[in-house]
Number of protein chains: 2
Amino acid sequence: VTPEPAFGARLRGVLEAIGPLDAAAMAAAAARLDRLTKPPGSLGRLEALAIQLAGIRGEPAPPLDRRTIVVVAADHGVAARGVSAYPSAVTRQMVANFVAGGAAISVLAARASASVVVLDVGVAGPEPMVAERATEPAAEAAEPSAAPARLLVRRVRPGTRDLVAEPAMSPGEARAAIEIGLDLAAELVAGGADVVGLGEMGIGNTTSASAVTAALTGRAPAEVTGRGTGVDDARLAAKIRLIERALDRARCSPDDPFGVLCELGGLELAGLVGLALGVAAAGRPVLLDGFITGAAALVAARLAPDLPRRLLAAHRSVEPGHRVILDGLGLAPILDLDLRLGEGTGAALALHMLDAAVAVRDRMATFEEAGVAAAEAGAGAASR
Amino acid sequence: VTPEPAFGARLRGVLEAIGPLDAAAMAAAAARLDRLTKPPGSLGRLEALAIQLAGIRGEPAPPLDRRTIVVVAADHGVAARGVSAYPSAVTRQMVANFVAGGAAISVLAARASASVVVLDVGVAGPEPMVAERATEPAAEAAEPSAAPARLLVRRVRPGTRDLVAEPAMSPGEARAAIEIGLDLAAELVAGGADVVGLGEMGIGNTTSASAVTAALTGRAPAEVTGRGTGVDDARLAAKIRLIERALDRARCSPDDPFGVLCELGGLELAGLVGLALGVAAAGRPVLLDGFITGAAALVAARLAPDLPRRLLAAHRSVEPGHRVILDGLGLAPILDLDLRLGEGTGAALALHMLDAAVAVRDRMATFEEAGVAAAEAGAGAASR
């Protein structure tokens, strides 16, 4: 575990690098969009995304060629209480499925030309076999049917402690997971990533994310807790009661996001906090997935108030807490498809919309090029 | 113009072919999805789309390889009254832009591997030069940056009459445009189309679509009329008053969809009615774009009550009438991106979500294949 002072200095540097967007780049992007053969603003969110991407990267037309989705995986002590429809062993089994390329994220990332990195910051059970850890994806086919993941094993501990009974992580453990996220963010950006999508895997992690969301927003657990992978009414009621007990035990202040993370969070949430902060500080867009990555972003945004401008919310999950999180971050989701899977699947889907925004920006004809008349007087001020 | 009896027999045959979906194919698709390594139903709309596609085509896993977006183009007599921010000449200019591959639909269709056909059923002005009509797209590149459109010129008349003053089309003209749509639908399906997206271009056509929507739903024009390409408050108010006058003049019965189409519609709306009916009757999915294609679908659904099950609503436009149309058709939009462009751009974007649904269906590992444990007792009945 990294000693406190060194971590503090590193984190401070990251937080200071997360400032407002580049207004000049955004204005240049908007001006370009208004010369294209369409009514100004008529492509709605696509145009807003193109402008936001310019502001994040600090250039009018940043590339979006290299994209990685990071699936941060870890286990949760609270899973032993039966909060999920699946046993904890599924976390490790799904990591193997990611590596083999058989999961939903494998298929959807391939369709979006994204590579997948699985970051194991605290999965329980034996470490994967060497064969499972063969980390470099196979040579890329023209259109691969699935993206086998590169696996990074950086286990802080084999899952969190039971957040109902005790703090899920020590401060040192949470810091270690954050630093692992910061390290990977730096590596990805150095490797040329134009956008980083965030995903997760961890049986029990909607319980942790609901607890974190309740602690940070002051909402009652019943308002921010859902069925996760699909529990029935009785298990949902029990899950809510467990979260209420955890909050009573921890008595966190909403003004202490790091404390909330330690008490109620997960190792993957901490890793995601580091990733989001590190990618944003490097001037690259962070594409959130659903509820769990949103809860991590909520923690990160309490540390870096300008962070949300650098986040893109891929979709709105059916988990009720996700709506609360998106409202808290001031983010409008790109998609709303009743997803509740995680893994970064929503992020992979939303990449197509980012690609569309960039394609329109770069490839459409202007009014002058196409010989099309522009709007007459009487056209309204197009809202964007 | 086709004589009434022959048209009547042809249309009757088409309408009779539009029945309920294939329940066995849908059940087989749902069963397949539930064996995949994800909680049942957790991919939400993607799973629902995969099931709907099975029901439409009548097979558990229909292909989605060949896709065409048809942009039906025509002019509107009412445009002379200044209801749009753009002059009528822009319809013809944009058709040339589609053929050259410079428009938003050119770019977005290429990204979705869709070909574009522009069907000119009534654009005003000189017919395009031969060079502009060179109809076959260039050989396909690996990832073409834009899709030059194939242009079919089948003009019924050079734009509709002014719907404020007189019927927009004679019954013979509307029938002719519907038949042109039916002809193209048959040609596309015979050519192997797995899905047909609908788009449109026609300066003034939001006025026509709002009038048709008001006439068929009984809503007041102010409830279903928006800014189209972006008119200001004064022009919006004038547009609403013109639609009120048109409705007072025409006094259509909501139970006479063909009469509403003749009185208030556009030639492209009539062509879209024929396309939607013809594609659906052939057992292929119809991917609607926004407000104009939705208004055409509303007319078509009054003729064929089971049609909406065979329609996919790509997105929800910012035009207020579109929400009314989607409610009337019982359709939930796939995307909601504040688009108001038309051309089929929303359809091109939504194709990525259909592709994702099909990729998940075909490429994910099953629980057995991946060695992942299925849900425990206590998992809820997953809703889909």
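**Reading a two-chain predicted model**

Mentor: In this predicted model, chain B is superposed on chain A by a rotation of 180° with 0.0 Å of shift along its axis, at an RMSD of 0.0 Å. The two copies are thus related as by a two-fold rotation axis.

Trainee: What relates two copies of a chain in general?

Mentor: Two copies are related by a rotation about an axis and a shift along that axis. Here the rotation is 180° and the shift is 0.0 Å.

Trainee: Through which surface do the copies meet?

Mentor: Through the same surface, because 100% of the interface residues of chain B are also interface residues in chain A. In numbers, 65 residues of chain B are in contact with 65 residues of chain A.

Trainee: How is the size of an interface often given?

Mentor: As the accessible area lost when the parts come together. For chain B and chain A the buried area is about 5,200 Å², with 61% of it on carbon and sulfur atoms. On the chain B side, Y86(B), L337(B) and R363(B) lose the most area to chain A, and together they account for 12% of what that side buries.

Trainee: How many salt bridges and polar contacts are there between the chains?

Mentor: Two salt bridges are counted between chain B and chain A. One of them joins the side chains of D355(B) and R111(A), at 3.4 Å from N to O.

Trainee: Which helices of chain B supply at least two residues each to the side that touches chain A?

Mentor: They are α3 (44-57), α4 (89-100), α5 (104-111), α14 (345-363) and α15 (367-370) of chain B. The largest share, nine residues, comes from α14(B). By class, that side of chain B has 36 nonpolar, 17 polar and 12 charged residues.

Trainee: Where does S113(A) lie, and is S113(A) buried or exposed?

Mentor: S113(A) is found in the loop between α5 (104-111) and β2 (115-122) of chain A. With a relative accessible area of 54%, S113(A) is exposed.

Trainee: And where is D338(A)?

Mentor: D338(A) lies in the loop between α12 (320-329) and α13 (345-363) of chain A. Its relative accessible area is 39%, so D338(A) is partly exposed.

Definitions and conventions:
Residues numbered from 1 in each chain as written. Chains lettered and ligands numbered in written order. Predicted model: local features only at pLDDT ≥ 70, side-chain atom pairs only at ≥ 80, totals over all residues. Heavy atoms only, no water. Least-squares fit on C-alpha atoms with pLDDT ≥ 70 in both. Contact = heavy atoms within 4.5 Å. Buried area = accessible area lost by both parts, 1.4 Å probe. Salt bridge = Lys/Arg side-chain N within 4 Å of Asp/Glu carboxyl O. Helix = DSSP H or I, 4+ residues; strand = E, 2+ residues; numbered from the N terminus. Nonpolar A, V, L, I, M, F, W, Y, C, P; charged D, E, K, R; others polar. Buried < 20%, exposed > 50% of the residue type's maximum accessible area, 1.4 Å probe, protein only.
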